[in-house]
Amino acid sequence: MTSDLTAKLAERIKFFFSDANFSKDEFMLKEAANNDGYIEISSLLKFNSIKKLSTEMSNVADAAKTVETVVVSKDGEAIRRKDPLPDRNDSVERTIFVGNVPTEDDKLWGGEKEEKEEKGDEAPKEEAPKEEAPKEEAPKEEAADDDKATKEEKPKKTPPQAFNCTIDDIKASFSKFGEVALVRLRYKKAQPQLNLPKSAMGSVFVEFVSTESVAKATAAEAEEVKVGENVVVVKVMKDWLAENKKSKPNKKTFKKKEDRKGSNDEGTTDEPASAAAAAAADEPLKIEPLQWEKGCVIAFTRFPPECQREDIKEAFSAIEGVNADDIYVDYSRGCKDGAVRFSKTFDSITAVAAKFDKGEVKIKGEPCGSACVLLGEEEEKYWEEAARQSAERKRAFEARGGHKNRKKQRRN
């Protein structure tokens with residue numbers, strides 16, 4: 001792998017795992033919550049901007065090792081953030097609204113489209129619905145007039161509006177005020193029934209690394225900012241959210257939430273909902289200490305490939321004097337390291353750990369790596385990390401609707 005490719009992959013990895021992107025990416029938050037903070041590299045290879053650079057897992061793993069903010073799993077198949085997300089989400093305070101961003105019509109709509117530089121700039125792939133034949137025939141003598149009227153009333157295909165600039169163009173225009181963490185392109189959702197495709201709204205959100213940059217970019221004496229040939233409109237995000245809220249009718253609307261299965265990849269968004277959600281989640285992480293007893297955790301440095309929690313429990317159940325129903329397996333499939341903890345310690349727990357450490361007890365027919373009972377400072381760190389992960393899973397769960405969504409599922 002060339003140094004240039006390594007640098008490009010490293011830049012993408014740094015972006016995806018950054019505070020700005022990671023905190024808003026529902027796909028990555030969900031996968032990390034279910035995998036002890038790790039994102040499988042096989043999942044990252046599905047992201048357009050990474051897939052264009054390489055489809056080799058080893059290349060992504062090698063590039064990630066050069067990024068100081070992430071950690072690569074020992075098996076080289078997953079990546080996680082080195083540090084947890086900040087307790088307080090201040091992304092709204094570090095964001096500005098930018099209007100009058102240049103756009104253009106995609107003249108190839110309906111035909112072969114050119115490949116866009118940014119993922120978010122692609123026009124929707126769905127085709128306009130076909131016209132249905134009228135159920136009743138009009139009288140013959142009026143057919144000509146009716147046909148003419150029908151032709152005039154048929155909605156025409158509207159070409160999608162695309163941004164006439166790239167994310168890098170926007171970053172270049174605002175980097176003079178400070179480091180830009182994220183640019184989120186805004187789009188109107190497609191309306192197939194009206195032959196309206198997904199279209200650029202001509203505005204974006206720019207998130208800086210610091211609030212000082214927001215003050216510089218929105219200061220009254222700030223110099224004129226251009227993106228392409230357009231002089232753009234710049235507003236503090238909080239002010240824009242307040243104005244946007246006032247402009248909407250005071251009426252409750254019920255929208256069906258879409259199931260976003262993939263990552264946004266380039267940080268694009270259809271609505272300002274992500275910023276509003278960030279404002280609602282602007283609370284410190286509430287970590288509740290877990291109640292635990294000393295000497296009841298066995299740590300493993302390597303589990304056999306493709307083993308599951310059930311395989312680990314089965315191995316413990318074969319040991320005399322061990323109640324497999326009394327253990328919690330702190331392990332995610334695909335990772336090699338993990339731990340097994342009991343609700344309370346017992347006299348032979350050190351001997352049980354030694355059986356795994358010496359290879360006397362195997363998992364799926366294979367010996368595991370080293371195994372030992374955690375003691376002292378290592379044990380305290382384990383329980384602190386377990387409490388933090390529990391709090392992060394709870395916050396991510398509540399951010400997605402929590403128990404309200406569960407109630408809806410039960411009612412349906």
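User: Why is S43 called buried?

Analyst: In this predicted model, S43 has a relative accessibility of 9%. Buried means under 20%, so S43 counts as buried.

User: What makes the link between the side chains of S43 and E31 a polar contact?

Analyst: The two side chains come to 3.1 Å. The cut-off for a pair of N or O atoms is within 3.5 Å, so the pair qualifies as a polar contact.

User: Which residues is S43 in contact with, leaving aside its neighbours within four places in sequence?

Analyst: They are F27 and E31. Contact here means heavy atoms within 4.5 Å. S43 itself has its place in helix α4, residues 41–44.

User: What makes β7 and β11 edge strands?

Analyst: The open sheet has four strands in the order β7-β8-β4-β11, with antiparallel pairing. Both β7 (180–188) and β11 (233–236) pair on one side only. From one strand to the next, the twist averages 25 degrees.

User: How do you know that β7 and β8 pair?

Analyst: Seven bridges join β7 and strand β8 (residues 199–208) in the antiparallel sense. Pairing needs at least two bridges, so the two strands count as paired. Within this pair of strands, K188 stands opposite S199 in β8.

User: Which strands does helix α9 lie across, and what is its angle to β11?

Analyst: Helix α9 (residues 211–218) lies across β4 (95–99), β8 and β11. The helix runs at about 135 degrees to β11.

Terms used
Residues are numbered from 1 along each chain as its sequence is written. This is a predicted model: local features need pLDDT of at least 70, side-chain atom pairs count only at pLDDT 80 or more; totals for chains, interfaces and linings use all residues. Side-chain values use heavy atoms; hydrogens and water are left out. Buried means under 20% relative accessible area, exposed over 50%, partly exposed in between (1.4 Å probe, protein chains only). A polar contact is a pair of N or O atoms within 3.5 Å; within protein, one must be able to donate a hydrogen and the other to accept it, and residues adjacent in sequence count only if both atoms are side-chain atoms. Axes are lines fitted to C-alpha atoms, for helices over the stretch in contact, and angles run from 0 to 180 degrees between N-to-C directions.
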